[in-house]
Protein chains: 2
Amino acid sequence: MKKKNIEHYSDKEALDFHNSNKSGKIEIISSKPMTTKRDLALAYSPGVAAPVKAISANPELAYDYTTKGNLVAVISNGSAILGLGNLGAIASKPVMEGKAVLFKRFADIDAIDLEIDSNDTDEIINSIKNFANSFGGINLEDIAAPDCFIIEDKLKKLLDIPVFHDDQHGTAIITYAALMNALDIQKKDKKKIRIVVNGAGASAMACTNLLLKSGVKKSNIIMLDSIGVINKKRKNLNKWKSFYASNTKAKNLKEAIKDADVFLGLSSAGVLSKENVISMSKNPIIFACANPDPEITPEEVEDVRKDAIIATGRSDYPNQVNNLIGFPYIFRGALDVRAKTINDEMKIAAANAIASLARERVPDEVVAAMGGERPKYGKEYIIPSTFDPRLINVIPVAVAKAAIKTGVARKKIDNFDLYSEQLKQRLDPSVTIMQGINSQIKKTQKKVVFADGEDENTLKAAIAFKNSGLGIPILVAKDKVVKERLKDIGYSENFNIEIINSTMKSLREKYSNYIFKKLHRSQGLLERDCDRLIRNDRVIWGSCMVKVELFSLEIQVFMNTLLQNNWLK
Amino acid sequence: MKKKNIEHYSDKEALDFHNSNKSGKIEIISSKPMTTKRDLALAYSPGVAAPVKAISANPELAYDYTTKGNLVAVISNGSAILGLGNLGAIASKPVMEGKAVLFKRFADIDAIDLEIDSNDTDEIINSIKNFANSFGGINLEDIAAPDCFIIEDKLKKLLDIPVFHDDQHGTAIITYAALMNALDIQKKDKKKIRIVVNGAGASAMACTNLLLKSGVKKSNIIMLDSIGVINKKRKNLNKWKSFYASNTKAKNLKEAIKDADVFLGLSSAGVLSKENVISMSKNPIIFACANPDPEITPEEVEDVRKDAIIATGRSDYPNQVNNLIGFPYIFRGALDVRAKTINDEMKIAAANAIASLARERVPDEVVAAMGGERPKYGKEYIIPSTFDPRLINVIPVAVAKAAIKTGVARKKIDNFDLYSEQLKQRLDPSVTIMQGINSQIKKTQKKVVFADGEDENTLKAAIAFKNSGLGIPILVAKDKVVKERLKDIGYSENFNIEIINSTMKSLREKYSNYIFKKLHRSQGLLERDCDRLIRNDRVIWGSCMVKVELFSLEIQVFMNTLLQNNWLK
């Protein structure tokens, strides 16, 4: 097993990222032109009266005339934030904003975060219900069990749009997809496998529920919570735990894990020992999904078993079980048929689509997008990469079909080939291309000249280039102007970035000579003309520099791509 | 009085506008780069833990690490939509989305609409309260009186962010600003004027409250509701109306308006007669602000009085009292100092700033932005235009200063000159330039060649150009490809747009000859080379066409601006 490189960054960097340029991660813009008086008359008063009346007569037209059909609310009360616990609603906002922009980045869904400052389930349900009708779907997030079960159940009954608690169902779908492939590779039959589920929180419950629905035998499941094995002798179990209370004689994890085929951990770091792993059946499957640190590391498993498949929640090991593979695309499919709910059939369809994708040969364009890596279905590749650009046109199709088949779709799709093509076009192609370019560029750490260095956007590009670790930017600009611009865009004027300009005499002479040699015959330029040229035009200066210093020109393409897109706005 | 041109459009056009390309008007994007694994690691897991912990320790840091500080919720229950009445929450969504994009367009504020499906004030208050902490401010909209008073009052007490019912306070601020200037021009003293307020809804109450606070005498005010004069004899008045119950003997509008200095109408179309106007004092002031049709038209007033100033809510007459002059900038100022509320001092400061602006000479750049029109302070210009680009750096400064002075600002501004400069930069300068270009272009209805007509964005630009009535677009493209592209972007393949291409032999020969004449000496091109050139490169074809047909090249600048900005995304 080869551990991958992981990006390094400090807390300070993460804080700066959130506070740079514009605080936070969300921006809300108009999807329509808003320039002329006519635009405003159509978008607002008096033109807006037409859609208002239409929707008043037929509320389903909100899908046509408002953003509803592409709009998801990401809602949390902050009672179970990441692995950090109940830190309250406002502290969960960075996570929810992050989730919202992931929806956009991976599935072109407009998502807004709403943090609800309450721990009372009735109040939470009521508040969400009151606002829900404006959305095409609701993604619940980071709400502690068992409140999350009550809230989701009740909202599903009250609302006719999808309500999806991602910590439960997103995790369950990805886990189930990965497990199907692991079973296939280890040649195990899901009807016969013995599973130990360590953890009895929201995600553990949802995973186990989905396994049951897909054919795993309840009698072959042992679930443990922080107290120990959940068995029939335990008292005061809530209704969700008591459903999984088993007749086993095993009293603890050590006894439960013996001869088990599968360990599914959604608990906490380090709880599975090497001895536990040794006692498992032949060709065991270990999903150690505690975040950020797994129940056991892949290295530890490898120390004691060569026949195991191990998956974790981490990006630095193979087989990352990451919800990002699921939720954007599941909602995409559900929204595109205006689904009333996300039912089990849609979840299983999504899981099957994900599992199948991992078994397919990875095509060249995907290899390019992923920086030259071509994974192959097997013990270290049971699940697609989060950056696999095929996810967008595979999962939504499966989900939409299942929704139509089970009668929860308000809208039919006639031509699924066309739909699949449209899905591909949802993503900005330059982003996929950029991923590949990024991976290539990082290896080389080249110097790049940002010629028009006094331009604010160029400066931002240079900073982004540096901060992303792509290489070393060099600005052609006056020091004083750069310092001012840096302040304007919210950076310290002492931000460390290399600046060159025509006050640097030796450079100026060198480049002036270069131009003179090149141009004095063809254009009849004198030396003083060349000197003036180099002093007055930063782009000419930059070009000379690239030529003389043998910097890479190819990377200029990268900068232009950055500038032409919106990322540096 | 010169009636202005008003944009014409049909309900169908308004519906198409809302349903074209992407349904609705809102798009939610990431304000941060989300391309690389590093970006994702910083924006979401695991990097997001740093801001989560920071905010958990100090909730005010949400202003630094989340969008909170630039985020406004536009909230309605749809109980008083436009002039249309109680059509329910979801029917109000187009209006609220429109309001949200106006916030962005005019003040760079990220605003999201939330429609609350309830008519119970306690439930509304409670639901808003639960979600409010994620926002920097709350704009209530189109909620019927007297519920709106109760909801706003209670929320103001519960929350430590601005809660602003725009129908009340926005209207009051603009009305007060316009009235101050009208009084100045008519040489009337606000302490002595007699005012008739026709209407007792949310906006009428708020306007009258603000007038009282600014020095108008309560004993000089007569208010009427739909039943008649609100006087002390009336029974069952709610507490808001009974506050304004007067001792007048006037029983109806006819009697009340006699010798009045000011008529302030926030009621319904046509209720003020010519006879009423004739009976008013010398140099009367008539604000006929019923929407969409005023209490009396300016033409009718002019028929009977030459000494009157009249203002309406309409854009086709002078003196438009439009909330758009206020709310974006009032919130901008409040957000920039992280204000805890928008108090009366801030409202009056905004009104004063607006009134002063109308008295200033309109500078050339504003004239250009407004299409060559230079209004001059006087009876037909008592209030700035909604498109006046100076609003953004005048009103927020006044509001922010008042917030700091009254102690409701969490954040100080040290350098107001710098702040004013930063405000100017908030708006996309090309939008202002575009306004001027648009006005110029429309007059000429020129033909414009969109050379790369098979490109989706160019096609969208051409359609936008046509739909905006700017001129006649001509695409250089294959018919078949355009038909496909049209379908891709959601238009009928029969959309009426002129297409030319190299299959049109006579044109092809004409342009090929043109190139040949131009290039065969300098470049040694043969006729067949020129023919190939013209066939293979649509941009060359387009350039030839522009030259040969003497189309205007200058307008190409317009198209490029459109493409380079985000509007055609």
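**Ground rules.** Residues count from 1 along each chain as its sequence is written, and chains are lettered from A, ligands numbered from 1, in the order in which they are written. In this predicted model, local features need pLDDT of at least 70, side-chain atom pairs count only at pLDDT 80 or more, and totals for chains, interfaces and linings use all residues, while side-chain values use heavy atoms, with hydrogens and water left out.

**Chain A overall.** I looked up the make-up of chain A and found 25 helices and 13 strands. Here helices (H or I, at least four residues) and strands (E, at least two) are DSSP runs, numbered from the N terminus. Of the 569 residues in chain A, 59% are buried. Buried means under 20% relative accessible area, exposed means over 50%, and partly exposed is in between (1.4 Å probe, protein chains only). Chain A exposes about 23400 Å², and carbon and sulfur atoms supply 49% of that. Those areas come from the Shrake-Rupley method with a 1.4 Å probe; for residues, only the protein chains shown count as cover. I also checked contacts (heavy atoms within 4.5 Å). Among those in chain A between residues at least 6 apart in sequence, 69% join residues at least 24 apart.

A reminder to myself: most residues other than glycine have a negative phi, and most peptide bonds are trans.

- S45(A) and P46(A) are joined by a cis peptide bond, with omega about 0°. I found P46(A) in the loop between α2 (37-43) and α3 (49-57) of chain A.
- N291(B) and P292(B) also have a cis peptide bond between them, with omega about -5°. P292(B) is in the loop between β9 (285-288) and α13 (298-304) of chain B.
- N236(A) is not a glycine, yet its phi is positive, near 60°. N236(A) sits in the loop between β7 (221-224) and α10 (239-243) of chain A, and is exposed at 82% relative accessible area.
- D259(A), another non-glycine, has a positive phi of about 65°. D259(A) lies in the loop between α11 (253-257) and β8 (262-265) of chain A, and is partly exposed at 43%.
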